[in-house]
Protein chains: 2
Amino acid sequence: MPRVTFFPENITIAVEEGSTISDAVAAAGLEVSQPCGEQGRCGRCLVLVRAGSVRRRSTFRLSERDVNAGYALACQTVLTGDAVIEIPPQGEIARRLVSEKTYTAEIPLDYDPAWMQNLKQFQLSIPPPTLDDNRDDLSRLETCLREHDVTELTIPLPLLRSLNKRLRESNWNPWLVLYYDRTHPGEAVLIDTPVERQKLCGLAIDIGTTTVSANLMDLDNGTIIANAAEYNGQIARGEDIISRIIFASKFDGLEDLSTRVRQTIKSLLDQVIKSSGISPDQIYRVTIAGNPTMMHLFLQLPPESIRLEPYIPTTNHTPLYFAHELDLPVYPLAVVDSLPGTASYVGADICAGVHGSGLNTSDSLSLFIDVGTNGEIVLGNQDWLVTCACSAGPAFEGAGVVHGMRAARGAIEEVYIHGETLEPTYRVIGDSKPSGICGSGLISLLAEMFATGVVDRSGTISFDANTDRTREGMHGPEYVVAYAKETETGRDISITKVDIDNLIRAKAAIYAGFNVLVASVGLELKDIERILIGGAFGNYINIEKAIQIGMMPDIPRKQFHFLGNTSLLGTSLALLSHQDREDISRTAHQMTYIELSADNTFYEQFTAACFLPHTNMQIFPSVMEIWNQEITT
Amino acid sequence: MPRVTFFPENITIAVEEGSTISDAVAAAGLEVSQPCGEQGRCGRCLVLVRAGSVRRRSTFRLSERDVNAGYALACQTVLTGDAVIEIPPQGEIARRLVSEKTYTAEIPLDYDPAWMQNLKQFQLSIPPPTLDDNRDDLSRLETCLREHDVTELTIPLPLLRSLNKRLRESNWNPWLVLYYDRTHPGEAVLIDTPVERQKLCGLAIDIGTTTVSANLMDLDNGTIIANAAEYNGQIARGEDIISRIIFASKFDGLEDLSTRVRQTIKSLLDQVIKSSGISPDQIYRVTIAGNPTMMHLFLQLPPESIRLEPYIPTTNHTPLYFAHELDLPVYPLAVVDSLPGTASYVGADICAGVHGSGLNTSDSLSLFIDVGTNGEIVLGNQDWLVTCACSAGPAFEGAGVVHGMRAARGAIEEVYIHGETLEPTYRVIGDSKPSGICGSGLISLLAEMFATGVVDRSGTISFDANTDRTREGMHGPEYVVAYAKETETGRDISITKVDIDNLIRAKAAIYAGFNVLVASVGLELKDIERILIGGAFGNYINIEKAIQIGMMPDIPRKQFHFLGNTSLLGTSLALLSHQDREDISRTAHQMTYIELSADNTFYEQFTAACFLPHTNMQIFPSVMEIWNQEITT
């Protein structure tokens with residue numbers, strides 16, 4: 001009988017030959033996670049064979065390097081002799097299995113506000129007036145500002161009104177906050193004359209059709225002070241862009257929608273203010289991105305023309321306005337920079353997102369997707385960029401799904417279903433009781449339901465299996481992920497047939513978009529060097545699962561990079577650095593937009609992708625492998 | 001007996017030898033005006049001796065040329081033989097005797113809005129968008145504006161919000177109103193996108209300490225559509241600048257004063273709107289002048305520093321703001337141009353006034369005075385300008401005088417007192433019953449009271465004469481100009497000792513200012529080629545009377561030019577033409593300010609001038625002549 005020693009517990013037991021490592025772990029009274037029911041599908045039972053003799057039945061998900069290093073799936077590895085086995089901590093495995101965000105909007109290593117920031121604060125030394133030098137206050141200020149490269153100062157009326165007091169109470173050494181217009185050297189706007197040095201903060205806002213997110217940032221050191229996200233209050237007036245545009249054209253509709261998104265922003269502001277102790281009056285700059293419709297609704301510009309051929313927005317390059325003009329409850333003279341977009345359906349969110357993803361500065365051929373309500377895709381590199389919008393819908397943002405929710409505390413972000421019992425295991429964000437399922441959880445859930453036969457390739461829920469998790473619910477056929485007693489809400493959390501259809505259409509639109517965009521420049525998916533995924537999924541996305549449902553193409557996993565909310569990232573970078581802001585402008589000018597509605601192949605591709613993972617299984621070899629394995633085990 | 005024939009009546013009568021023409025006129029049953037009681041002082045009985053033999057006892061006020069042409073004073077001319085005499089119409093004589101405004105703010109002969117006006121209106125032809133040319137609305141507009149020399153457009157948010165609608169409802173041929181910033185070629189602000197061509201109007205406002213005046217102007221043809229003037233509502237908070245500044249420093253005082261002048265402007269606006277039928281929304285441009293304190297109070301800038309050494313205003317060169325920012329009830333995006341000033345006590349009103357007077361473009365050495373509350377004086381020519389402010393007080397604007405009023409309908413604008421009966425004759429503006437006495441009326445009245453002995457050289461009212469016009473009134477000694485039954489108000493209109501003292505101090509301050517300013521550049525009053533008089537006197541000022549009271553120096557009358565409200569004139573010119581606006585800026589930069597409070601000779605000169613006409617009669621030879629004449633006749 002082979003003898004097995006487990007570390008770090010240093011327990012040795014004897015097991016029968018032919019036992020799997022899983023059997024031995026159980027016999028030793030130890031535990032490894034195996035939510036898929038020892039079917040070699042979830043990869044959670046990963047162990048490290050330090051020494052000894054084992055036979056791997058499957059190396060699913062393990063790279064050659066992993067195998068050479070001794071990694072093995074406990075449930076798929078047979079002990080053929082004595083062995084020394086290490087059980088790594090669970091968290092380490094979890095991180096290894098999902099694609100962690102590889103780029104987050106944190107301080108650029110070289111952040112230097114003096115060079116990068118449009119907003120500057122300094123103390124000026126103005127010679128006090130005398131009878132011989134009786135120039136007026138403003139002239140004295142302007143003369144001294146020449147040393148700070150300002151030859152033309154704009155001074156808003158409220159600051160002109162307080163100038164006398166500020167100059168004298170500071171004994172002619174006033175603190176100034178100025179906004180430098182980098183495209184017009186020498187021009188600056190006086191933003192504030194604070195009594196003493198102020199902490200300069202900024203707010204980066206990403207207005208999604210479904211979700212609005214904001215970063216409160218410290219402009220002195222470039223760090224994120226606080227972050228918040230919330231569903232867009234406009235959802236009550238329609239879930240997608242088209243219904244919002246239609247609502248906007250009704251009497252008062254535009255004002256209503258504009259007020260609603262502003263209320264959402266105010267609520268986000270309340271959250272970041274509350275959590276940070278920063279005053280709204282310290283927020284001197286705001287950058288905003290969103291798709292053109294969202295930008296129009298925020299700015300209260302009529303969006304109707306965006307929907308009608310030839311799809312013309314009022315502007316893709318909005319001028320700067322002051323916060324008070326836009327009724328934003330930050331410092332009234334804060335400069336609001338609405339980031340630029342390319343076309344009616346590829347807006348500032350994508351330009352900011354492309355910049356946040358680094359696609360526009362890399363020589364690798366990359367495919368970028370922002371998995372939001374519109375599902376915009378960009379293909380290119382530092383030299384060229386093509387883009388399209390594939391209207392994925394809000395399913396992956398948790399909207400349009402009965403128990404869907406944003407990636408926030410209480411969201412189920414990963415699910416495994418036991419291959420025999422069909423009992424689920426799930427992970428919840430914030431280690432709390434579950435309240436719903438977020439985007440990454442839905443991808444994971446759909447993949448597991450498919451892998452375990454809970455749904456078939458068309459997404460139909462099967463009632464054949466011996467489980468009461470599948471049932472006829474209020475909304476038709478459903479699978480229960482969490483019963484009421486386990487949940488925060490006290491209600492069952494389930495996924496319905498309608499939800500599944502929504503998810504399949506969403507993933508099909510994305511996959512079809514990939515294909516059409518790549519084909520439009522005469523390439524194939526295999527030519528892609530990197531797939532950059534943006535979207536408000538939370539901190540992790542399981543790429544494997546995304547491939548299993550046919551949302552992402554079946555190409556080497558290392559080519560995938562999950563970047564989180566790239567739009568908010570790019571918007572935050574624009575807040576910090578004028579160079580980044582200019583890069584986003586250049587990206588907006590550089591992108592070529594391809595209108596999918598004018599492309600028949602999109603509908604063909606979409607229809608072909610409305611199966612799990614696709615009508616053509618041959619293009620998903622690794623998914624076929626799981627199926628074959630299911631059959632063989 | 002000499003025979004006299006009068007024309008145009010063609011009446012011939014015989015009169016006794018030694019009769020005056022006045023006697024003959026009366027004998028013929030005809031009339032000439034002789035309000036001074038045949039004392040040869042008023043010049044109203046002027047007649048033309050076409051032929052015949054007469055002897056002039058006095059040619060007072062007649063030039064040599066007049067005498068050669070045959071003009072004679074009826075009361076001072078004796079018939080020595082037959083004569084043919086023409087009695088000119090009364091109005092013609094009245095005009096001849098007073099200085100008529102020689103320059104009024106009317107259309108410059110060469111007004112061409114295309115070249116002169118900052119505001120431009122035109123219809124643009126924008127190519128409609130197509131799927132192939134899907135640039136956004138604003139980009140399309142900007143591209144087309146390059147043909148109109150606009151490379152950089154500023155678009156206020158409200159216009160961005162209506163752009164979509166305007167472009168489409170005009171079928172891509174929108175009307176635009178743009179404000180061109182002439183100091184920044186290529187830059188323009190979009191002011192309006194009207195549905196159809198608009199009549200472009202502007203409002204020129206002169207904010208005086210005592211009186212606020214406005215011209216509503218047609219910017220298409222440069223004419224004045226309507227004019228209005230009213231006392232500044234701030235008078236309730238103090239009559240002079242110093243008391244206003246003190247009030248402004250109290251809690252809410254600045255806001256109160258700012259609101260009051262705005263209410264006055266609103267009231268003026270109501271008047272010009274009502275009389276013209278123009279809509280306030282057609283007023284696209286506003287130019288404003290006033291002394292620095294008035295400008296500060298209008299802009300709601302704290303004025304305290306203006307009063308305290310070293311007398312520093314917040315700004316003499318106020319940036320442009322939109323009307324809505326300043327709560328002006330005209331078109332909200334109207335561009336409000338606050339004209340520039342030179343120093344704390346020589347402001348935009350004087351710079352505009354100097355420009356309105358033409359002093360700054362002439363090679364004649366000229367002395368300009370704006371007879372307002374401050375009594376600013378400017379000396380110079382096209383090459384140099386020096387200025388001072390002599391704090392005349394508001395008496396000549398009718399304020400600080402019991403029955404004083406502005407030069408409006410119902411104001412007594414000229415008075416004669418009969419040399420024997422001391423009964424007054426007066427002319428009222430608008431041929432109505434009198435309500436009060438305006439500036440020119442007060443000058444005329446004081447001169448007559450002095451000439452007829454109602455007051456002595458110190459301004460004390462005499463009770464010796466056999467008249468009940470002089471009496472002890474509610475406010476002390478007074479002379480009744482109009483009894484209650486003749487007046488609009490139903491009350492006696494009189495002038496009191498206190499009024500007279502105010503007037504004497506005001507005229508003394510002006511005369512002292514002349515002397516000090518002229519001496520400051522090493523000249524004498526006799527070197528002055530022209531005296532340009534601005535002020536809200538109405539349409540006429542009697543220069544003779546102004547000299548008689550010692551307000552103006554006793555130099556040849558043809559050197560005097562009465563210009564009316566020069567500040568409003570300059571402000572109106574700045575509204576019409578950017579060249580005039582630039583000239584005013586240059587004037588503001590060019591003027592050298594002399595602080596009278598730092599000049600001891602001013603007080604000496606002032607004290608010496610606090611008599612009628614002056615302590616030194618020798619410097620008023622023509623006034624001495626009247627006195628001598630009074631004694632001899």
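## Domains of chain A

Chain A is divided into domain 1 (3–97), domain 2 (113–192), domain 3 (201–338), domain 4 (349–394 + 504–629) and domain 5 (408–500), with bounds taken from an automatic or database domain assignment. Taken over C-alpha atoms, the centres of domain 1 of chain A and domain 2 of chain A are 69 Å apart.

The model is predicted: local features need pLDDT of at least 70, side-chain atom pairs count only at pLDDT 80 or more, and totals for chains, interfaces and linings use all residues. Residues are numbered from 1 along each chain as its sequence is written, while chains are lettered from A and ligands numbered from 1 in the order in which they are written.

## Symmetry of the chains

Chain B is superposed on chain A by a rotation of 180° with 0.0 Å of shift along its axis, at RMSD 0.1 Å (least squares on the C-alpha atoms of residues with pLDDT of at least 70 in both). This is the relation of a two-fold axis. In chain B, the C-alpha nearest the axis belongs to B:Glu325, 5.7 Å from it.

Of the interface residues of chain B, 100% are also interface residues in chain A, so the copies meet through the same surface.

## Packing of H7(B) and H8(B)

Helices here are DSSP runs (H or I, at least four residues), numbered from the N terminus. Helix H7 (residues 241–248) of chain B packs against helix H8 (residues 253–276) of chain B at an angle of about 125°, with axes 7 Å apart. Axes are lines fitted to C-alpha atoms over the stretch in contact, and angles run from 0 to 180 degrees between N-to-C directions.

B:Arg244, B:Phe247 and B:Ala248 of H7(B) meet B:Gly253, B:Leu254 and B:Leu257 of H8(B), contact requiring C-beta atoms, placed from the backbone, within 7 Å. The contact residues comprise 4 nonpolar, 1 polar and 1 charged (Ala, Val, Leu, Ile, Met, Phe, Trp, Tyr, Cys and Pro are nonpolar; Asp, Glu, Lys and Arg charged; the others, Gly among them, polar).

Note on methods. Two residues are in contact if their C-beta atoms, placed from the backbone, lie within 7 Å. Helices (H or I, at least four residues) and strands (E, at least two) are DSSP runs, numbered from the N terminus.
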